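Please keep the sequence and the coordinates open while you read.

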Amino acid sequence: MVGLISVLILIPLVGAIALYVGQPKNARTVALIFNALSAFYALMLWQKFDATASGLQVIERHTWIPSIGAEYLVGVDGLSLLLVLLTSLVFPFAFSAQRLERGACALMLVMQAALYGTFTAQNFILWFLFYEMTLVPAFLLIKIYGGENRDYAAVKFFVYTFLGSVAMLLAFLGIYFAKGTFDFAALAGLGKSGLLVGKLQWLAFAGIFLGLAVKVPLFPFHTWLPDAYQTAPTGVSMVLTGALSKMGVYGFIRLLVPLFPNEIKIAGPWLLGLVVCSIVFAPLAAWAQRDLKRMVAYLSINHLGYCLLGLFAITARSTSSVIDMHAALSGVFLQIFNHGLTAAALFYFVGLLEERRGLRGIDDFGGLMQRTPLLCGWMSVAMFSSLGLPGLNGFVGEFLIFKGSFATAASFTAIAVLGLLFTAVTFMRAMQSLFSGPLAQSCSGLSDLIRREKFVIVPVTLLMFAIGISPQFVFNIFNATVVQMARLFA
Amino acid sequence: MNSWITTNVWLIPAAPIVASLLILAFGKPARRTSVAVAILGQIAALTMSIFAFVPTLRSHGFRSVQNFTWFTFGEQALRIGFVLDPLASAMLLMITFVGLCIFVFSIGYMAEDKNFSRFFAYLSFFSGAMLGVVIANSLLLLFVFWELVGLASYLLIGFWIERPSAAAAAKKAFITTRIGDMGFFLGILWLYHASGTLVFYDGGRGCLEPVALSAIGSSVTLVALLIFCGAVGKSGQFPLHVWLPDAMEGPTPVSALIHAATMVAAGVFLVARVCPIFLVGAINGVTTSLTVVVWIGVVTGLMAALIAVAQSDIKRILAYSTVSQLGLMMVSLGVGGVAAGIMHLLAHGFFKALLFLGAGSVIHGLHHEQDIRKMGGLRRLMPITFLTYAIGMMALSGVPFFFSGGWTKEEILHATSNWPQSHLPHYLMLIGVILTALYMTRQIIYVFLGNRRTASENAHESPSVMTIPLIVLAVCAILFSVILTPAWPWLESYLTGNAAHFEPHLLIQPMIVVSLALVAAGVSVGIWIYRRAGETDPLQHAQPALFRFLENKMWIDEIYDRTIVAFSKILARLSDWMDRNVWDGLVQDIGRIGQFFGRVTTSADERVINAGVDESTSGAQGLGRLISRWHSGQIQTYLGAVALGMLALVLLYAWLG
């Protein structure tokens with residue numbers, strides 16, 4: 001009597017246990033086998049999913065701890081399914097980036113299970129359990145397997161996000177005492193009339209906001225991110241940015257906006273102000289970085305900022321038209337997926353460079369185009385995707401977000417467009433100093449892409465092109481959910 | 001066949017793009033193969049353009065659109081489409097024809113390059129993207145191709161990637177045009193918001209059709225100006241013109257195709273395409289947005305012509321000349337001469353490609369020498385190049401009757417003289433005509449006439465694969481004038497959708513005489529100044545300060561470097577610094593406060609509550625010890641402490657609140 005989603009959550013856990021007990025020599029291969037299994041079940045879920053129906057599907061509901069309203073309730077709508085698919089994509093991509101040790105592979109698999117849980121759980125207690133379950137493996141992966149400065153980065157990451165979680169947990173306890181339910185759908189229904197009274201309502205809003213803002217992260221709660229992404233091993237950075245960072249945005253969409261529609265409207269201009277700071281300052285800071293990984297990390301902040309721009313712009317005003325709501329939400333969903341794909345690819349390429357050269361400073365390379373044209377070419381595609389070149393995936397999502405946000409937040413949108421420019425400047429500078437000019441002495445021995453790497457990067461890039469040229473197949477996943485959510489938010 | 005192409009017009013850009021992908025997909029194919037694929041793609045596009053041209057002749061004001069849904073988001077459909085009308089069709093023919101000439105020329109010019117195949121792949125990709133811009137029936141689709149054109153331009157300017165100057169120029173081009181494109185992007189968003197559609201023509205509901213236009217309301221001026229930002233970037237208009245002369249770092253055929261004949265004209269094309277938006281609320285054909293277009297064009301046209309007089313790199317002179325001519329076209333569009341502007345664009349495409357390829361032939365013959373002061377006397381050594389170049393020069397200068405440029409320029413001057421707002425643009429453009437004749441005369445004298453100088457010693461005429469395209473383009477520069485004359489203004493009628501009548505008495509117009517006089521003045525002043533020119537420029541002798549000012553491009557690059565660029569860099573460093581010290585510093589300060597509380601707790605534990613009283617105290621003491629052990633001066637201990645401190649505070653507040 002175990003449902004499809006439960007199986008999906010269990011597979012990586014079984015994989016982690018297998019790695020622990022079996023002590024296989026080639027841990028990565030085992031992890032990849034379990035990933036293949038996960039991917040298969042994720043595709044089954046997609047196949048079973050009725051894209052035309054709104055609301056939750058493939059629901060599993062079991063009583064768990066009735067006295068505190070905790071229920072084992074999992075199910076997917078378009079957004080959840082999209083994130084499940086993204087997770088299933090990013091993990092094998094990350095595993096193939098790097099030969100991680102057995103322990104690291106096991107921790108990654110635990111994190112994967114927790115992510116599946118986070119994206120499918122529909123009861124707060126269960127959701128929070130999974131949400132926190134991602135934190136421990138992430139902490140350990142940075143702390144044990146990270147590079148320079150790993151202790152500092154790991155503790156900072158942990159304390160920062162844990163602090164946010166605590167705030168969120170307190171807020172939900174408050175809500176539970178007032179309303180007596182942890183069910184997401186039930187809470188969303190109560191949101192419009194207010195969940196708590198007076199100051200408590202704002203306190204709960206602030207608590208949940210803080211928890212999620214740290215997770216995304218939103219300016220100025222982002223300072224843990226560059227340190228954490230920089231020091232984590234390539235594969236872990238890919239997962240952190242590709243899948244883990246989506247939990248924050250997901251939480252905003254699933255929790256904060258439905259639960260606090262009135263607070264969002266009042267705080268709207270402030271929230272948008274923070275978002276625009278994220279969008280503009282992050283790529284500026286990225287431009288000033290010498291470390292490629294840090295550069296990509298900062299751009300990640302910028303790209304997730306676009307998601308929140310779309311979300312807050314349509315919910316901060318009650319005047320949003322249906323088309324703008326649909327545009328912004330579709331754009332946000334697509335951007336979540338696109339960012340996962342593209343940012344992971346960028347970390348992958350930085351990892352390839354680091355693996356070859358032993359360093360990853362922007363000045364440690366020069367004239368690579370003459371030595372490794374294929375690596376440069378494919379890496380350029382990922383960079384152009386990230387800077388929003390039409391024809392690649394990034395553009396479609398960003399266009400829709402801006403389309404949606406322009407109507408109600410024109411001035412914020414106009415400033416946010418600067419983010420697109422600074423992102424381009426950052427990548428242009430990186431391409432110039434990495435790829436062009438005379439071949440640097442230290443780079444003369446670097447090898448171009450080998451077959452295994454091509455085997456990884458070609459499908460990922462083709463997916464970027466597919467979404468950029470004909471994105472309908474992705475929209476089909478979540479169109480019904482977009483319509484439903486737009487109605488909820490209106 | 002005809003109706004088949006009008007419903008499948010997308011095949012025209014698809015052919016070169018497919019060719020490009022084929023070349024790239026096969027890694028490093030043999031040179032012959034890649035050339036064959038590229039040229040076949042281009043010929044296919046040209047053939048289909050001719051077929052597409054035929055139906056547009058049948059009826060005046062022909063327009064065929066195919067709109068379709070790109071994707072559905074939520075319950076909304078995003079529609080895009082393709083359009084075939086006289087404007088698109090004329091552009092298609094020019095781009096594919098000039099493109100083909102340049103492809104053939106490149107076979108000779110790039111013969112020794114080690115990345116020969118990649119060059120043709122990029123060139124084909126460019127061609128396809130540019131054709132897409134022309135037939136797009138949606139501002140969004142136009143923007144998609146517009147950006148792809150920008151990408152192709154970036155790749156081709158930086159084609160010789162091992163040269164740092166080429167890489168820098170490519171980066172500069174991409175970023176400068178993107179600055180304009182951000183405005184364009186906002187314009188698209190605003191138009192979409194205000195009119196509800198981005199499709200140009202949609203059976204009465206398109207954004208260029210009256211219903212949607214009237215829905216835009218008072219914001220229409222801003223929408224138009226934002227869209228114009230994109231045109232300013234792409235067409236090298238002041239103040240975003242700085243990238244175009246630097247773009248000459250690319251191989252010369254690239255300069256000819258992209259930075260002279262086609263891509264830079266995309267901005268002019270864009271304004272012509274969305275002209276109805278600029279015209280909303282026009283009184284006598286004058287609107288605020290069009291007035292801005294006129295003045296930007298005037299400033300650009302005159303400034304670039306002045307700078308061109310003091311340049312010594314053969315390609316840079318032509319680059320500034322291009323900037324100047326694009327300014328002229330903008331003026332024409334702004335004063336209401338849309339057809340005249342587009343006619344000049346088409347004519348310019350032929351003769352400027354001719355001039356650039358001629359310059360390429362010279363550079364090739366002189367083993368990559370580009371300084372005109374080191375050339376001289378090439379007329380005997382490179383007779384075909386010389387003759388064709390002279391034809392190009394006369395077309396560019398605007399010599400009437402026999403050369404296409406003469407007629408179109410005359411049309412533009414005619415249009416400016418009728419502008420009700422002000423006559424100043426007209427007179428300034430007349431000065432521009434003199435300057436154009438002057439700098440072209442200077443170039444011809446330096447390069448082809450006089451005695452041979454250092455670089456001319458081992459010069460040789462280029463192979464026929466390069467000279468034949470020159471001859472073809474030269475013939476076009478002359479023959480094209482047949483359909484431009486006021487006596488039989490076929491092209492103008494075709495573009496505006498009226499019938500052309502043959503009226504020979506219109507051949508002699510007052511403006512023709514004026515043009516002729518001005519060109520003659522420019523040429524004779526040029527001959528008089530430069531007849532005995534040595535390796536230093538006579539103007540440099542006469543007016544050293546002025547010459548230096550112009551030679552250094554009015555120091556605009558330097559001004560940008562020290563203001564906008566420097567400011568952005570400081571902003572970037574500041575963002576980084578703020579991140580490290582202010583935002584992160586704040587977090588660490590909170591950590592320190594938490595650590596302080598931790599210390600207080602520890603001491604309270606030890607002094608107030610004695611050890612071993614009851615379980616809870618020992619627990620707290622254990623915690624206290626833990627905290628004091630963490631107190632190692634490391635940041636993480638502070639952060640650990642802050643978590644606990646904050647937790648306690650929030651708990652307290654939550655229970656009390």
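Helices (H or I, at least four residues) and strands (E, at least two) are taken here as DSSP runs, numbered from the N terminus. The model is a predicted one, in which local features need pLDDT of at least 70 and side-chain atom pairs count only at pLDDT 80 or more, whereas totals for chains, interfaces and linings use all residues. Residues are numbered from 1 along each chain as its sequence is written, while chains are lettered from A and ligands numbered from 1 in the order in which they are written.

**Exercise 1. Describe chain B as a whole.**

Step 1. Counting the elements of chain B gives 28 helices and two strands.

Step 2. The C-alpha trace of chain B extends over about 115 × 60 × 55 Å along its principal axes.

Step 3. A residue is buried if 20 or more other C-beta atoms lie within 10 Å of its own, exposed if 12 or fewer, and partly exposed in between, with C-beta atoms placed from the backbone. By this rule, 56% of the 657 residues in chain B are buried.

Step 4. Two residues are in contact if their C-beta atoms, placed from the backbone, lie within 7 Å. Of the contacts in chain B with a separation of 6 or more, 78% join residues 24 or more positions apart.

**Exercise 2. Determine how α1(A) and α2(A) pack.**

Step 1. Axes are lines fitted to C-alpha atoms, for helices over the stretch in contact, and angles run from 0 to 180 degrees between N-to-C directions. On this basis helix α1 (residues 4–22) of chain A and helix α2 (residues 27–48) of chain A have axes 9 Å apart and pack at an angle of about 180°.

Step 2. Angles under 35 degrees count as roughly parallel, over 145 as roughly antiparallel, 65 to 115 as roughly perpendicular and the rest as oblique. The pair α1(A) and α2(A) is therefore roughly antiparallel.

Step 3. The contact includes A:Leu4, A:Val7 and A:Leu8 from α1(A), and among the residues from α2(A) are A:Ala27, A:Phe34 and A:Lys48.

Step 4. Ala, Val, Leu, Ile, Met, Phe, Trp, Tyr, Cys and Pro count as nonpolar, Asp, Glu, Lys and Arg as charged, and the others, Gly among them, as polar. The contact of α1(A) with α2(A) then has 16 nonpolar, two polar and one charged residues.

**Exercise 3. Examine the pair α15(B) and α19(B).**

Step 1. Helix α15 (residues 314–334) of chain B and helix α19 (residues 404–417) of chain B have axes that come within 9 Å and cross at roughly 45°, and the two are therefore oblique to each other.

Step 2. A crossing is left-handed if the near helix is turned anticlockwise from the far one by less than a right angle, and right-handed if clockwise. The crossing of α15(B) with α19(B) is left-handed.

Step 3. On the α15(B) side, B:Leu328, B:Val331 and B:Ser332 meet B:Ile412, B:Ala415 and B:Thr416 of α19(B). By class, this contact has four nonpolar, two polar and no charged residues.

**Exercise 4. Characterise the side of chain A that touches chain B.**

Step 1. The contact involves 58 residues of chain A and 49 residues of chain B.

Step 2. Among the helices of chain A that each supply at least two residues to this side are α7 (150–179), α13 (261–287) and α21 (472–489), and α7(A) gives the most, with eleven residues.

Step 3. The residues on this side of chain A divide into 40 nonpolar, 14 polar and four charged.
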